[in-house]
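Let's take a friendly walk through a protein model. Keep the structure open beside you and look up each part as it comes along.

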Amino acid sequence: MMISLPAWVTEEAAAFWRSVACAPTYPCDLAPIAGRAYPVAIFSLTRLSVERVERWLQQRGIAYCSSCAERPLHGCLIAVRGHGLIFVDRSDPPEEQRYTLAHELAHFLHDYLQPRQCAIRRLGPSILPVLDGERPPTFEERLNAILASCKLGFYLDLLPRTTEDMERVSALLRAEREADRLALELLAPARRLLSQVDQQLQKGADPAERRHIARRLLVVTYGLPPAIAQGYATLLFPATTQRSIAHLLGFYD
């Protein structure tokens, strides 16, 4: 099957940088940038877990119980009433925290804020109590397909810590794959990376060489965790005869 670069990924990443009104630098630290244009706050907690997030909220007068089993977390997103709270484990290495923040921010932008704004544009502000979980939708509102893509009430995303859990979630939930893809585009834009790889190698270089260079750039220049860098490099330069994203973008033809 041919690998393609979804148009929405580059469009949403470009929209983010337009909204925050600054050009990215690498490695990219999104923490001081995201709040410039989006209603999102970021918190770093040590030994992040489901119970730790719930206790943090309860200490601030927010009665919330996720109903999720206690487990350690890399990150967590809670969104309600159009605002997002992103939690990142301060105990993680800087490169892990960088990717965790980008992943949870991608969930906020793509899975929560965008469908919410679309619903408000199409249905008007009267739909806000439905989106915020304050009342159930009417029969007419249920008929509107736009509600199918909106998260009602609290939106919760928990990023598991173990690789096994991440592989399972990514295989089962398209939302996780899409958040990964947008996070990577925010931190290491594909076209920019492909151009850098092209500058360092001859056009006829083996895909394995390109993967090696891409992985090194992703770790050293873009500050990604090694495992994430390896996966992204393999996505861009698959070890098959299929056309890669690099070819589909017009490189190496």
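Predicted model: local features only at pLDDT ≥ 70, side-chain atom pairs only at ≥ 80, totals over all residues.

## A pair of tyrosines

Y26 is partly exposed, with a relative accessible area of 21%.

How many aromatic pairs does the structure hold? There are seven aromatic pairs. One of them joins Y26 and Y222 in an edge-to-face arrangement, with 4.9 Å from centre to centre and 70° between the planes. Y26 sits in the loop between α1 (7–20) and α2 (31–34), while Y222 sits in the loop between α10 (207–220) and α11 (226–236), so this pair ties together parts that are 196 residues apart in sequence. Y222 is buried, its relative accessible area being 0%. Elsewhere, F16, W17 and Y38 form one aromatic cluster.

## Strands side by side

Now turn to strand β3, residues 83–89. Five of its seven residues are buried, so the strand is largely enclosed by the rest of the structure.

Which strands pair with β3, and in what sense? Strand β1 (residues 40–45) pairs with β3 in the parallel sense, over six bridges. In that pairing, S44 stands opposite V88 in β3. Strand β2 (residues 73–80) pairs with β3 in the antiparallel sense, over six bridges. Here A79 stands opposite G84 in β3.

β2 and β3 also form a hairpin, with two residues between them. R81, in the turn, has a positive phi of about 55°.

## A helix with a bend

Helix α4 covers residues 94–123, which makes 30 residues. From its first C-alpha to its last it reaches 42 Å, close to the 44 Å expected at 1.5 Å a residue. Where does α4 bend? The bend, of about 35°, is at L113, and a proline, P115, follows within four residues. After α4 comes G124, whose phi is positive, near 90°.

## Charged partners

A search of the whole structure finds four salt bridges.

| Salt bridge | N to O distance |
|---|---|
| R55 and E51 | 2.5 Å |
| R116 and D132 | 2.9 Å |
| R181 and E185 | 4.0 Å |

R55 and E51 both lie in helix α3 (residues 50–59), four residues apart, about one turn of the helix. R55 is partly exposed, with a relative accessible area of 32%. E51 counts as partly exposed too, at 35% relative accessibility.

R116 forms its salt bridge with D132. This pair links distant parts of the chain: R116 is in helix α4 and D132 is in the loop between α5 (128–131) and α6 (139–143), 16 residues apart. At 8% relative accessibility R116 counts as buried, and D132 counts as buried at 13%. Both values are under the 20% cut-off for buried.

R181 and E185 are four residues apart in helix α8 (residues 174–187), so about one helical turn separates them. Are R181 and E185 buried or exposed? Both are buried.

How values were computed:
Residues numbered from 1 in each chain as written. Heavy atoms only, no water. Expected span 1.5 Å × (residues − 1). Bend = angle between axes of the 7 residues up to and from the residue. Buried < 20%, exposed > 50% of the residue type's maximum accessible area, 1.4 Å probe, protein only. Pairing = 2+ DSSP bridges. Phe/Tyr/Trp six-rings, centres within 6.5 Å; stacked < 30°, edge-to-face > 60°. Salt bridge = Lys/Arg side-chain N within 4 Å of Asp/Glu carboxyl O.
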